Amino acid sequence: MAQFDSILFDLDGTLWDATSVTAGIWQVVERNHPDIRGRVNRDTVQQYMGHTNEELASLLFPEMPFAEGYALVMESCREENRLLREKGGILYPDVREVLEALAGEYPLFIISNCQAGYIEAFLAYHGFEDLFTDHVSSGDFGLAKADNIRYICRKHGLKHPVYVGDTIGDCNASAEAGCPFVFVSYGFGQVDAKKCVAVAESPKNLLTILR
């Protein structure tokens, strides 16, 4: 793989799996809104992982006016941020060791299509604040992932970053931002290997690829 100067990570499906917590939160939301009962479960959460909250509102509640669907999504997001700081998600095997090793060699960043506060909950629960130079979510400024990749690169003067993610959306955003893409096949999505500079079958495999 070509030389690079920084590593940009997706979060869900790449570093951890928080779908069980997210699905449980939707059960709470459904109790407040019986008309959507049974609409969202763990499989649904996994299926739509990686979309922005604006996209989720339309995907989950296509029959509703956008404002109503978006309000439901944001209701779940507020509770999700709170619970993830208490319960966390499930780190993929060896992620802590991999991040600690890579942070000693490169500046690390997280760029994710999640609400504001979600990345912060991940960092706080696992004590990763010191491992990452910066992070940005779609909820921070309302930007798409490709624009957030460009934002981080401009802000920190990155010339040759590499993006690590698990979905075709991550792959397409990387291409749009002119950034090489490493696909992690253990995550939620599927990507044609021809579109990636490398494929990691496990977090530990990232050490071999990224060093």
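Two strands are taken to pair if DSSP finds at least two bridges between them, and strands (E, at least two residues) and helices (H or I, at least four) are DSSP runs numbered from the N terminus. The views show a predicted model, in which local features need pLDDT of at least 70, side-chain atom pairs count only at pLDDT 80 or more, and totals for chains, interfaces and linings use all residues. Residues are numbered from 1 along each chain as its sequence is written, and side-chain values use heavy atoms, with hydrogens and water left out.

**View 1. Strands β6 and β7 in the parallel sheet.** Strand β6 (residues 161–165) runs parallel to strand β7 (residues 181–184), and three bridges join them. Glycine 165 has phenylalanine 183 of β7 as its bridge partner. The open sheet consists of six strands in the order β5-β4-β1-β6-β7-β8, with parallel pairing. Because β5 and β8 (198–200) stand at the edges with a single partner strand each, one side of each has no neighbour in the sheet.

View 2. Four bridges connect strand β4 (residues 108–112) with strand β5 (residues 134–137) in the parallel sense. From β4 the chain passes through helix α6 (residues 118–126) to β5 in a right-handed β-α-β crossover; right-handed denotes a clockwise path from the first strand over the helix to the second, with the strands pointing away from the viewer. Isoleucine 111 is bridged to valine 136 in β5.

**View 3. An aromatic pair between β2 and α6.** Rings of Phe, Tyr and Trp (its six-membered ring) pair if their centres lie within 6.5 Å, and planes under 30 degrees apart count as stacked, over 60 as edge-to-face and the rest as tilted. The rings of tryptophan 16 and tyrosine 118 are edge-to-face, because their centres are 6.0 Å apart and their planes stand at 80 degrees. Tryptophan 16 lies in strand β2 (residues 16–17) and tyrosine 118 in helix α6, 102 residues apart. Tryptophan 16 is buried at 0% relative accessibility, the classes being buried under 20% relative accessible area, exposed over 50% and partly exposed in between (1.4 Å probe, protein chains only). Ring pairs join Trp16, Tyr118, Phe122 and Phe128 in a cluster.

**View 4. Cysteines without disulfides.** The whole structure contains zero disulfides, a disulfide being a pair of cysteine sulfur atoms within 2.5 Å. The sulfur of cysteine 77 lies 8.6 Å from that of cysteine 114, its closest cysteine sulfur, which is too far for a bond. Cysteine 77 is buried, with a relative accessible area of 4%.
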